[in-house]
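Here's a quick briefing to read alongside the model. Have the sequence and the 3D view open as you go.

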Amino acid sequence: MQLRIELTAIAALTLALTGASLAADLPPGTQFHASQTFVRSNGSEPESMDPAVAETVPANQILRDLFEGLTATDTAGKTVPGVAESWKQTNPTTWVFKLRTNAKFSNGAPVTADDFVYGIRRFVDPKTASPYATTFGVFLLNGLEVAQGKKPTSEVGVKALDKFTLEIKTKDPVAFLPELVANTQLGPVHKATIEKWGKDWVKPGNMVGNGAFVLKDWQVNNRIVVEKNLQYWDAANVHLTKVTYLPIEDQFADIKLWESGETDYVYQMPPGVFDKYKAQYPKELRNQAIIGLRYYDYQTKDPVFKDVRVRKALSMVIDREILSKRVTADGQPPAYSLIVTGVVGADPTPYEWATWPMDKRVAEAKKLLEQAGVKPGTKYSFAYNTSEYHKKMAVFVASEWKTKLGINMETETMEFKVLAKKRHDGAFQLARNGWLADYNDATTFLALVRCDSDQNTNFYCNREAEALIQKGSQSTDAAKRKELLTQASKMIMDDYPIIPLVQYSLPRLIKSYVGGYSELNPQDHYRSKDFYIIKH
Amino acid sequence: MWSYTLRRILSAIPTMLVVITVCYLLLHATPGGPFDSDRKVSAAVLANLEAKYHLDLPLWQQYLLYLKGLLQGDLGASFRYADWTVNDLVAAALPISLSIGGIAMLLSVVIGVGLGIFAALRQNSVVDHFVMLLGNMGSAFPSFVLGPVMIIIFAIALKWLPAGGWHDFEVRFMILPIALLTIINVSTIGRVMRGSLIEVMHSNFIRTARAKGLPTRVVVMRHALKPALLPVVSVMGPLAISSITAALITETVFSLPGLGKLIVNGAGNRDYTLVLGLVVLITVLTVTLNLLVDLAYAWLDPKIRY
């Protein structure tokens, strides 16, 4: 009974979204430039333009223009209706999405519930071999079993109730499902096109999508050009006519192209130049914290890090304020918690000592090391992948430990793939690590420290905290869930399996005539649909 | 000469096989695989991916499959660029690298040989010192310094040329990268040419030619130039290969979609097929250029006959 009352409340909260115009709110008096073309640097070449196979940020940026899921993320990071115009949770593990009837593919075919069923089944199909199949699939009923090849794809929890009504069943209650389905991996694809072209269905001329733009040109390592999709249901509110994505890997080359006027949008500034460009381009340099964490992993299986006092002592003497302001110096805020600012589903749990003066922190750390029997001069090895950025951070941390505690950190630098392998195998004492949220919920961060999680490279496991997370995951009460996950996160972090250092941010240069950019989008999920070129 | 050429081409086949095999083994022995990344893929996903790319087969079977594809001209599917075959990637990048590297090489030979002759004939004069200074500067300043300086001057300050990128062989996008590669190559070719010509000019047959009263122009062009070019031809082979296939810094600085970028991204991402495909390509190029160099020797030096 009580459950039913709760569900009614949730349903009332989550629906009530209508299909009104959803494009960016234009400031009054906005005058458009005659030419609405936009050149956007995109970091690196996407690994694929198949939404089921795509994995990296650069690929997903473009795919959000070419495809649209049940929902979408607007420029301010809010979940807004996509192909679905409304949705409701009919029981703790069942959601019903009502699709708009005017959504079309770029070839004019209507987007129906069956296209979502096909898209999701294809995504978890072992034959597709999607890197995200289990990451997102785990939330769907039977999603994991299908991805493991233990059940047929028809068993995954997605069903077309009628042409424009889609039902999704989840394994546990998934409070953030409407946000999760904004990912194009869980979106619709055009079956006839895929069957006709096979692997080449993603090539310009062949691809049929349902996003605000269509793929016009793709030259590997050179450019991807998309143009406005006139069939898109909200085309009236799409201002840009053409967007060019450039895969510029060198961050200095990226800035030079922007300065010379070749591009309008820098993907990300290199470290150490933030202040210089802030002074030079105060209006154009935009910076926002995103939900991601730079951290160091302890190998908790290693005897030297078995003792929590050692892990705590080493973590507490690192001055994150100096690290953030002087070392990385690119506007990344200091982090004292696994859960960073802006994450939904749990609150950050900063350490009590974060506000202590450094003297007190050092005194406490020395005491802890002494109790643990660790003598000054003790050596720990630290693994990181060759990069100026990681080196700067490592040198700073090593000097903090050396000067404050007399601990020696021996750094070992290696190629990225070698580090990745070492981390997965747990073959390190301390290792650099970083995490960008897959979806905005605390569980994506908790995956880094949970028992039996693929993403846990510190091999820490706290069964008590695990029980809290499980209990939270089962709860349909958002407040209760948040309380349990926050509690679990604090319990885990008090065991110091990782050293949180700084929260990711995205400093980038954007021409002042580009409208529609906000600094509120915590996952950098900007659709070109929300951008426009102001008269200049 | 034709039978020599044919023999050389045939003898290249075992060379290629050895190169491919060693490279194949080295790639697979390197720690970290194509699917190791920040996010560890689950066991299920890894199994799916390995099955898709035949990595679940024993290594020797994978190797034979690769060779079978290779014989049919199929370099396989790329891991890093999942929607493309290695053939697609090479076909797109090779013309770009060939035009940038090839034109730069041509210009470097003309300018380098010219400057070298000029300096050699005026040894220890102001002109010679100036040419040597230019040559040394070209060698001393690394391309990752010269390139950005060129961008700052010609793209950002003067706005004459684009700072980088590539638009279907449009000349304005090619000028700066070609200029950068040429500057680097000219310095090498110029120095080698100068040294070699100075040495030749001191040899007995040149003294004889002079004694016969031939004008300097004839002495240099008819008698000295050919033997003096031998060392230049020797350095041209490796220089051409590196200009075409390993112009990574130039490609990075100017954001060009060439072969250098593919090689580095391929190796960094453990894209086995892409790296092997490029190794095959480079081996073919090397064998061909070495053959051309050897044939050029025969033309330049009457003592060499095949």
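Let's start with a strand pair: strand β9 (residues 223–228) of chain A runs antiparallel to β10(A), and the two share four bridges. Strands count as paired if DSSP finds at least two bridges between them, and the elements are DSSP runs numbered from the N terminus, with helices being H or I of at least four residues and strands E of at least two. Keep in mind that this is a predicted model, where local features need pLDDT of at least 70, side-chain atom pairs count only at pLDDT 80 or more, and totals for chains, interfaces and linings use all residues. Residues are numbered from 1 along each chain as its sequence is written, while chains are lettered from A and ligands numbered from 1 in the order in which they are written.

**Around β10(A)**
- A:R40 sits opposite A:Y245 in β10(A).
- Four of the five residues of β10 (residues 242–246) of chain A are buried, so the strand is largely enclosed by the rest of the structure. Buried here means 20 or more other C-beta atoms within 10 Å of a residue's own, against 12 or fewer for exposed and in between for partly exposed, with C-beta atoms placed from the backbone.

**A five-stranded sheet in chain A**
- An open sheet with mixed pairing lines up its five strands as β14-β13-β15-β12-β16 (chain A).
- At the edges are β14 (408–414) and β16 (498–505) of chain A, each pairing on one side only.
- From one strand to the next, the twist averages 30°. Angles like this run from 0 to 180 degrees between the N-to-C directions of axes, which are lines fitted to C-alpha atoms (for helices, over the stretch in contact).
- Inside the sheet, β13 (residues 379–385) and β15 (residues 430–436) of chain A are parallel partners over two bridges.
- A:A383 has A:A431 in β15(A) as its bridge partner.

**A:M316 and its surroundings**
- A:M316 belongs to helix α10 (residues 308–316) of chain A.
- It counts as buried because it has 23 C-beta neighbours inside 10 Å.
- Leaving out residues up to four places away in sequence, A:M316 touches A:W353, A:R361, A:E364 and A:A365. A contact means C-beta atoms, placed from the backbone, within 7 Å.
- A:E364 is 48 residues from A:M316 along the chain, yet their C-alpha atoms are 8.8 Å apart.

**Chain A overall**
- Chain A has 17 helices and 19 strands.
- Along its principal axes, the C-alpha trace spans about 70 × 65 × 45 Å.
- Of the 536 residues in chain A, 50% are buried.
- Among contacts in chain A with a separation of 6 or more, 70% link residues 24 or more positions apart.

**Chain B and the interface**
- The contact draws 37 residues from chain B and 38 residues from chain A.
- On the chain B side, α2(B) makes the largest contribution, with five residues.
- Helix α3 (residues 59–71) of chain B has 13 residues and reaches 18 Å from first C-alpha to last, close to the 18 Å expected at 1.5 Å a residue. That expected span is 1.5 Å times one less than the number of residues.
- Just past α3(B), B:G73 adopts a positive phi of about 80°.

Methods:
Contact = placed C-beta atoms within 7 Å.
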